[in-house]
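Please consult the sequence and the coordinates alongside each answer.

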Amino acid sequence: MPLTRITVREGMSDARLQQLSALYHQTLVEVFEVPPEDKFQILEILPAGALIYHPHYQTGRRDQGFILFQILAGKPRSTAVKERLYARLAERLHAELGIHPDNLMVVIQMNGSEEWSFGQGRMFRQEVSL
């Protein structure tokens, strides 16, 4: 049940933004153990002056193609799953959209199922397998 804010700089076409969204969701389903129908994203397009980042911090080079993925996830994932998500997302976006891996930043925040309500004023209760 992740909720993701995908932030890009203005100038990305709607078609490319939709392709980015779809590839990201496919990667969540494939690697992050997300059901296919569990798709909640905020696509945020900011003017150049409103997306501020260091061009080299912890990576080789960052340019105007920088994309920030902020993932709020209610189900804990192992370190190995998170590492596979980062690697597969970078690989897929580079191969299919030509986005350089240095232009990707992913931040995952965790919370519990009791912090979610999907509607009808009811708290989400995740079934626990014993």
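Helices here are DSSP runs of H or I with at least four residues, strands are runs of E with at least two, and both are numbered from the N terminus. The model is predicted.

Q: In which helix is Ser-21 found?
A: The assignment rests on DSSP runs numbered from the N terminus. On that basis, Ser-21 belongs to helix H1.

Q: Does Ser-21 count as buried or exposed?
A: Buried means under 20% relative accessible area. Beyond four places in sequence, Ser-21 touches Lys-39, Gln-41 and Leu-43. Its relative accessibility is 4%, so Ser-21 counts as buried.

Q: What is the order of the strands in the open sheet?
A: The sheet has 4 strands with mixed pairing. Strands S2 (41–46) and S4 (104–110) each have a single partner strand, so they stand at the edges, with one side of each left without a neighbour in the sheet. Neighbouring strands are turned by 15° against each other on average, direction ignored. The order is S2-S1-S3-S4.

Q: In which sense do S1 and S3 pair, parallel or antiparallel?
A: Strand S1 covers residues 3–9 and strand S3 covers residues 67–73, with 6 bridges between them. Within this pairing, Arg-5 has Gln-70 of S3 as its bridge partner. The sense of the pairing is antiparallel.

Q: What is the handedness of the β-α-β crossover from S1 through H1 to S2?
A: S1 and S2 run parallel and are joined by 6 bridges. Ile-6 stands opposite Leu-43 of S2. The chain passes from S1 through H1 to S2, and this crossover is right-handed.

Q: Which strands does helix H1 touch?
A: Helix H1 spans residues 14–31 and packs on the sheet. Its direction makes about 140° with that of S2. The strands touched by H1 are S1, S2 and S3.

Q: At what angle does H2 run to S4?
A: Helix H2 comprises residues 79–97. H2 lies across S3 and S4. The angle between H2 and S4 is about 150°.

Q: How do H1 and H2 pack, and at what angle?
A: The axes of H1 and H2 are 10 Å apart. The crossing of the two helices is right-handed. Residues making the contact include Leu-20, Leu-23 and Tyr-24 of H1 and Leu-85, Leu-89 and Leu-93 of H2. The packing angle is about 145°.

Q: Which residues of the largest nonpolar core touch the most other members?
A: This core holds 24 residues. The elements giving two or more residues to this core are S1, H1, S3, H2 and S4. Leu-93 is in contact with Leu-20, Leu-23, Phe-69, Gly-98, Ile-99 and Leu-104, leaving aside neighbours within four places in sequence. The residues that touch the most other members are Leu-20, Phe-32, Ile-67, Phe-69 and Leu-93.

Q: What is the phi of Glu-33?
A: Glu-33 lies in the loop between H1 and S2. At 45% relative accessibility, Glu-33 counts as partly exposed. Although Glu-33 is not a glycine, its phi is positive, at about 60°.

Q: Why does Gln-58 count as exposed?
A: Gln-58 lies in the loop between S2 and S3. This residue has a positive phi of about 60° although it is not a glycine. Exposed means over 50% relative accessible area. Gln-58 therefore counts as exposed, its relative accessibility being 69%.

Conventions: Residues are numbered from 1 along each chain as its sequence is written. This is a predicted model: local features need pLDDT of at least 70, side-chain atom pairs count only at pLDDT 80 or more; totals for chains, interfaces and linings use all residues. Side-chain values use heavy atoms; hydrogens and water are left out. Two strands pair if DSSP finds at least two bridges between them. Axes are lines fitted to C-alpha atoms, for helices over the stretch in contact, and angles run from 0 to 180 degrees between N-to-C directions. Contact means heavy atoms within 4.5 Å. A crossover is right-handed if, with the strands pointing away from the viewer, the path from the first strand over the helix to the second runs clockwise. A nonpolar core is a set of buried Ala, Val, Leu, Ile, Met, Phe, Trp, Tyr and Cys residues joined through side-chain atoms within 4.5 Å. Buried means under 20% relative accessible area, exposed over 50%, partly exposed in between (1.4 Å probe, protein chains only). A crossing is left-handed if the near helix is turned anticlockwise from the far one by less than a right angle, and right-handed if clockwise.
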